[in-house]
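Let's go through this one together, one feature at a time. Have a look at it first.

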Protein chains: 2
Amino acid sequence: MSEPSCRLYYWPSIPGRGEFVRLAFEDAGTPYVDVARLTKQEGGGVAAMTALLEGKGPPHSLLPFAPPILVWQDLVLAQTAHILQWLGPRIGLAPDDERGRLDAHQLQLTIADLVGEAHDVHHPVAVSLYYKEQKPEALRRAGHFTRERIPKFLGYLERVLERNAKRGAPYAVGDRASYVDLSLFQLLAGLRFAFPQAMARLAPTIPRLAALAEEVAARPRLRAYLASSRRLAFNKDGIFRYYPELDSDEDR
Amino acid sequence: MSEPSCRLYYWPSIPGRGEFVRLAFEDAGTPYVDVARLTKQEGGGVAAMTALLEGKGPPHSLLPFAPPILVWQDLVLAQTAHILQWLGPRIGLAPDDERGRLDAHQLQLTIADLVGEAHDVHHPVAVSLYYKEQKPEALRRAGHFTRERIPKFLGYLERVLERNAKRGAPYAVGDRASYVDLSLFQLLAGLRFAFPQAMARLAPTIPRLAALAEEVAARPRLRAYLASSRRLAFNKDGIFRYYPELDSDEDR
C-alpha cells in the first residue's frame, strides 16, 4: 500500500465489525490509523467518526451509513465485506484470480449475515433499547439461534472448507490464506465467547473450521497482535456478548 | 452479455430478494432464465434450486448458502448485492468508473441491510417459526422499525440523492441510472406495501427517493415488466408483508 496510511474509523471500545478489518491490517503488517482510538488531541476519538457520518469526509465521497469506515486518500468505504474486498488484494490477503476474489467476497457476505444474526440475539426488538429491555425476546431467539442458525451457517462453512480441501488447501478460498480465513477465526472466537456451551456441543461437527482458526491465530503477526493491547477483548457492549442465559438450547 | 443466458434461481412465488436481480435483467432487456419458475419438465422448479444448494452445481464452483443464486457458465454467485455488482457492468446498469462502482456496491449493501431488517420485523425470533408464533415480539419490533429504522435508512438514502443531485444527477450514483436506482424503487415499493401508514407519514421527508422511484417505474422496459405476469405481487410469504397490526407507531 502506498502512503498515506489507511484510516479506520470504528467504535474504540469493542472489537465488533471493525475487528475483521483490523485483523487484515495486522496480519499483513500494513500500517493503519485506528482513528477513534486516538485522543482528541491526536485528531481522533468518536467525534472524528461522527464527523464522517455527518458528511464531513472528503468532498465528492459517498456518505457512509455506519462504521466501520475506511478512508484512503479521498476514498471512503463502509460495510465490512466491501472494505475487505477492496483492501484484501492491496495487502496480499486475497486470491490472485478474479474467480477466487468473487468467491471470497461472497463468503465474507455470508459471514456478515451470521454476525448480524449473532448481534440480533441480544437485540431482537431494537438497537435503541438495552438488552435488559428486550430480554424475554432475546431468550426466545437465543434458543433458535444456537440450535438452528449457528449449526446451519457453520455447517455450510465447514462444507466450503471440505470442498476446498479436496483441491489440497486448508483455506476457505484458493491455496493460501485470505481475509476470509482471518474473518472465520474472528467469527469462531466471537461465537465461542458468546455461546460457549452451544459451541462446545457443536465442536465435533466443525473440525476444519476449528483447525483453520488455530492456524490463523498462530500466524506470527497475528499471534503478536492478539497478545498486544491493540487487540480489544470481547465485552458486554459489542456484537458478541456473553449472557449465560442466552447460551442455552432450551425451547422457550 | 454473451450466450448462454444467465440462470437465476430464486423462490418462484415471492418477489423477495430475487426481485432486485430480476429488475436489472428486465430493465436491461437481457434475456435470463428464471429457473425455479419453470416446470419440472422444463428442468425447473424449486428442486433445481435445492440441487444447487446441495452442491450439485458446476464443479469447482463455490457452494452457495442461500438464494438468490445466479449461474453463468460455471460461475455460481449468491448474495443479492454480490450478484448485482457482477451483473451491473455487464448489462449497462453500473457506473463506468471504478469509484462509482464501489459506491454503488456500498449503497446496495446498505439497502440489503434494510431489507433484512424489514424481514425480521415479522420474524424477530426465528425464521423457522411462523409469524403467528412470534407475533408479540413482532408487534414490539414493528414500532421501533417504523419509528426509528425506516426514517434512519431512508433519511440516509435521501441525503445520498441530495448530494448526488448537487452534481446534477437525480440518481444514486453517477450521472445515469444504475442497478442501485432500480433497487431503491423496489425497496420503496416493498416498504409502502408493508407499512403504508408509516410510509405516508414519512413521505414529506423523502421527495427525491419518491421522484426517483417514479422515474424508474416509468422506464419503458420496466413499465412493461411491471404490467406483465412475470412481475410477482407482494404477498404474505415474502420479505415485505402487510400485516396491519405491524404498520403502527405505537410503543408496545
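This is a predicted model: local features need pLDDT of at least 70, side-chain atom pairs count only at pLDDT 80 or more; totals for chains, interfaces and linings use all residues.

**Burial and salt bridges**

Residues are numbered from 1 along each chain as its sequence is written, chains are lettered from A and ligands numbered from 1 in the order written, and side-chain values use heavy atoms, leaving out hydrogens and water.

Q: How many salt bridges does the structure hold over all chains?

A: Side chains of opposite charge can pair when their charged atoms come close. The cut-off is a side-chain nitrogen of Lys or Arg within 4 Å of a carboxyl oxygen of Asp or Glu. Over all chains, the structure holds 24.

Q: Where do A:Arg140 and B:Glu137 lie?

A: These two side chains form a salt bridge, 2.9 Å from N to O. A:Arg140 sits in helix α5 of chain A and B:Glu137 in helix α5 (residues 135–165) of chain B, so the pair joins two chains. Helices here are DSSP runs (H or I, at least four residues), numbered from the N terminus. Both A:Arg140 and B:Glu137 are buried.

Q: Is A:Asp34 buried or exposed?

A: A:Asp34 is buried, at 11% relative accessible area. A:Asp34 pairs with A:Arg37, with 3.4 Å between the closest N and O atoms, and A:Arg37 is partly exposed at 28%. A salt-bridge network links A:Asp34 and A:Arg37 with A:Glu19, A:Arg22 and A:Arg231.

How values were computed:
Buried means under 20% relative accessible area, exposed over 50%, partly exposed in between (1.4 Å probe, protein chains only).
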